[in-house]
Amino acid sequence: MSVRRLAPLLDQPASFAFTPENLTWLDGQVAKYPDGRQASAVIPALWQAQKQNGGWLPQKAIEAVAVRLGMPTIRVMEVATFYTMFNLEPVGRYYIQLCGTVPCHVKGAIDLKQTLLNSVGDERHVTEDGYFSWLEVECLGACCNAPMVQINDEYYEDLTPDLLIKLIDDLRAGRDVKVGPQDGRVSSEPKGGAKTLTDPALFDGSLVGGWRTRFENSVTAETDAGSATGKNDMKPGRPGATNASQSSATNAPAQSAQNGESPKAADDKAGASDTSKTTVSEPGASADAKAPQSDKSYTMTPSKPEEGRVVAGSKGTTPISGTPTSGNSEGGQGAGEKPAGVDPGAKPGAAPGAN
Ligand code: FES
């Protein structure tokens, strides 16, 4: 299947021209792309040409596509010879693609291959009546229903040699054939029928909302059982702590108002009458509780002199002990010297020299 050559001259038609309907269709495809990008429609154009020509692409069709899209013929030839969806030689009216990849292989594709060799002939060979030709291809994505074949645009799955022979006979005789699984199963459900989700009530709407009723009933039953055994009396997690549900509201405008304190901010005055906005403190938490500290220690890096922090290299910088002084002799100071303009007793955030 890797051989991608044009059909011999003997098989090549003398000419090819799109039908008016296909030209209209092709113009619609080209219109999907910006001006000057009509080459983007090369694959749909080749596909339509192949369909018009009975399932394969003659050289004249490839050239017609190149002219229509304003492309060099070799560029269109590259596409046509690359993709195996394009047949470069005549195929039968029913073109059979047999999947020979591992899942299909282990499920019996090798027997189907022998069946095709016996009933149709060699690969790429078109039967005398022009009805059939076949080709072994890679996975067609229906592995759950292996082994399978694709005939023209349809899949036929769960095949056995007998089922494949019957399928070929029916197609040749013009009888209706069943597309999809051939052994009676629906889609790719388990062999022998579905084994899960078989309750009809799942599909008639009678169970809609049932989970809520069951959930509410179970919660009610648990609550009743808890009341009877006293399990609902929550205990503090540690000595001295109180249950969150029992703790009073603190640190809130409403609580301050209850304690006779005046609201401090304008927003608090409004919030003082709204007890719904009170927050409940966590047991053991205090107003000055610190945020959890990272286990990674770090040292704050001085950034801006105007913020009262020292900046390396600027005047008044405290050199790091053991490091050489800056090359700037004007402001350079040795380790252990008190830098000018920096008061070690200054509070963080205070301007240099401020106390
Ligand atoms: S292996 Fe045959 S369809 Fe995937």
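pLDDT is the predictor's confidence in each residue, on a scale from 0 to 100. I start there since what you have on the screen is a predicted model: local features need a pLDDT of at least 70, side-chain atom pairs count only at pLDDT 80 or more, and totals for chains, interfaces and linings use all residues. Residues are numbered from 1 along each chain as its sequence is written, and side-chain values use heavy atoms, with hydrogens and water left out.

Across the chain the average pLDDT is 77, and 64% of the residues score at least 70. Residues 271-299 stay under 50, and the model gives them 25 contacts beyond four places in sequence; a contact means heavy atoms within 4.5 Å. Residues 305-355 are also below 50, with 43 contacts beyond near neighbours in sequence.

Now helix 2, residues 42-52. Helices (H or I, at least four residues) and strands (E, at least two) are DSSP runs, numbered from the N terminus. Which residues of helix 2 are buried? They are Val42, Ala45, Leu46, Gln48, Ala49 and Gln50. Buried means under 20% relative accessible area, exposed means over 50%, and partly exposed is in between, with a 1.4 Å probe and protein chains only. The cover over these buried residues includes helix 1 (20-30), helix 3 (59-69) and helix 4 (73-82). Just after helix 2 comes Gly54, with a positive phi of about 80°.

Helix 2 also takes part in the largest pocket, where helix 2, strand 1 (94-99) and strand 2 each supply at least two lining residues. On a 1 Å grid over the protein atoms alone, a pocket is an open set of points where a 1.4 Å probe fits, with protein on both sides within 12 Å along at least five of seven lines; lining residues have an atom within 4 Å of a point. The space in the largest pocket is about 710 Å³, counted as the space filled by probe spheres set on the points, which are joined across faces, edges and corners. Of the 32 lining residues, Gln50, Gly55, Met85, Asn87 and Tyr95 lie nearest the centre. Strand 2 gives the largest share of the lining, four residues.

Staying with strand 2, Ser133 is found there. Is Ser133 buried or exposed? Ser133 counts as buried because its relative accessible area is 2%. A polar atom of the Ser133 side chain lies 2.9 Å from the backbone nitrogen of Gly92. Not counting residues up to four places away in sequence, Ser133 touches several residues, including Val91, Tyr95, Ile96 and His125.

Next, the loop between strand 2 and strand 3, which holds Cys139. Cys139 is partly exposed because its relative accessibility is 40%. Apart from neighbours within four places in sequence, Cys139 contacts Cys99 and Thr101. Its C-alpha atom is 9.1 Å from that of Leu98, 41 residues apart along the chain. Pro147 is found in the loop between strand 2 (132-137) and strand 3 (149-151), and a cis peptide bond joins Ala146 and Pro147, with omega about -5°.

Last, some backbone angles. Most residues other than glycine have a negative phi, and most peptide bonds are trans. Ser187 has a positive phi, near 50°, and lies in the loop between strand 5 (180-181) and helix 7 (210-229). Leu197 lies in the loop between strand 5 and helix 7, with a positive phi of about 55°. Leu197 counts as exposed because its relative accessibility is 62%.

Conventions
A polar contact is a pair of N or O atoms within 3.5 Å; within protein, one must be able to donate a hydrogen and the other to accept it, and residues adjacent in sequence count only if both atoms are side-chain atoms.
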